[in-house]
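Dear colleague,

Please find below the structure that I am handing over to you. My notes on what was found in it follow directly after it.

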Amino acid sequence: MLMIYANAESQQHVADHESDVMAEVDALMKELADSGELVGGQALDEPGTSRVVRVRGGVPAVTDGPFLEAKEFLAGYLVVECASVERATEIAARWPDARLCAMEVRPIIDEVDPPAGEGGPALG
């Protein structure tokens, strides 16, 4: 999974150069679709629309907004099926947000069917 990070400065750059940035993203998305590497992805809404859920002592507490001590936030994600983590890293490096803020490359854990009588996925 390629996680796309943004901050106020990177968002302003995208807004100021939207057609150029989107042309770059569209070209890369087409390349990934044509190669069969694109699985999916989605932009996320602004951090202020999020809710944070924490359960402590069995009691859920829900707060609005991320309220994290960070200037960067997760702005979207892209799922790619690649031959290697190096290829995923190469794709992330070409994404505009890698220049504007940051991209994180993180493998997705494969779920496997549990043996008969056992529940839940086996995690790597």
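What share of the contacts in the chain with a separation of 6 or more comes from residues 24 or more positions apart? Such residues account for 68% of these contacts, where contact means heavy atoms within 4.5 Å.

Please note that this is a predicted model, in which local features need pLDDT of at least 70 and side-chain atom pairs count only at pLDDT 80 or more, while totals for chains, interfaces and linings use all residues. Residues are numbered from 1 along each chain as its sequence is written, and side-chain values use heavy atoms, with hydrogens and water left out.

Overall fold

The chain has four helices and six strands; these are DSSP runs numbered from the N terminus, with helices being H or I of at least four residues and strands E of at least two. From the N terminus on, their order is β-α-α-β-β-β-β-α-α-β. Of the 124 residues, 23% count as buried (buried is under 20% relative accessible area, exposed is over 50%, and partly exposed is in between, with a 1.4 Å probe and protein chains only).

Helix H2

The 18 residues of H2 should span 26 Å at 1.5 Å a residue, and this agrees with its end C-alpha atoms, which are 26 Å apart; the expected span is 1.5 Å times one less than the number of residues. Val21, Val25, Leu28 and Leu32 of H2 are buried. Seen down the helix axis, the buried residues of H2 fall within an arc of 65 degrees, so they line one face of the helix; the arc is that of the directions from the helix axis to the C-beta atoms. These buried residues pack against helix H1 (8-16), E2, strand E5 (73-80), helix H3 (85-94) and helix H4 (96-100). On the other side of H2, Ser19, Asp20, Lys30 and Asp34 are exposed.

The loop after H2

Just after H2, Gly36 takes a positive phi of about 80 degrees. Glu37 lies in the loop between helix H2 (18-35) and strand E2 (38-43). Is Glu37 buried or exposed? Glu37 counts as buried because its relative accessibility is 12%. Its side chain is joined to that of Arg87 by a polar contact of 2.8 Å (a pair of N or O atoms within 3.5 Å; within protein, one must be able to donate a hydrogen and the other to accept it, and residues adjacent in sequence count only if both atoms are side-chain atoms). Not counting residues up to four places away in sequence, Glu37 touches Leu32, Val79, Val80, Glu81, Cys82, Arg87 and Ile91.

Yours sincerely
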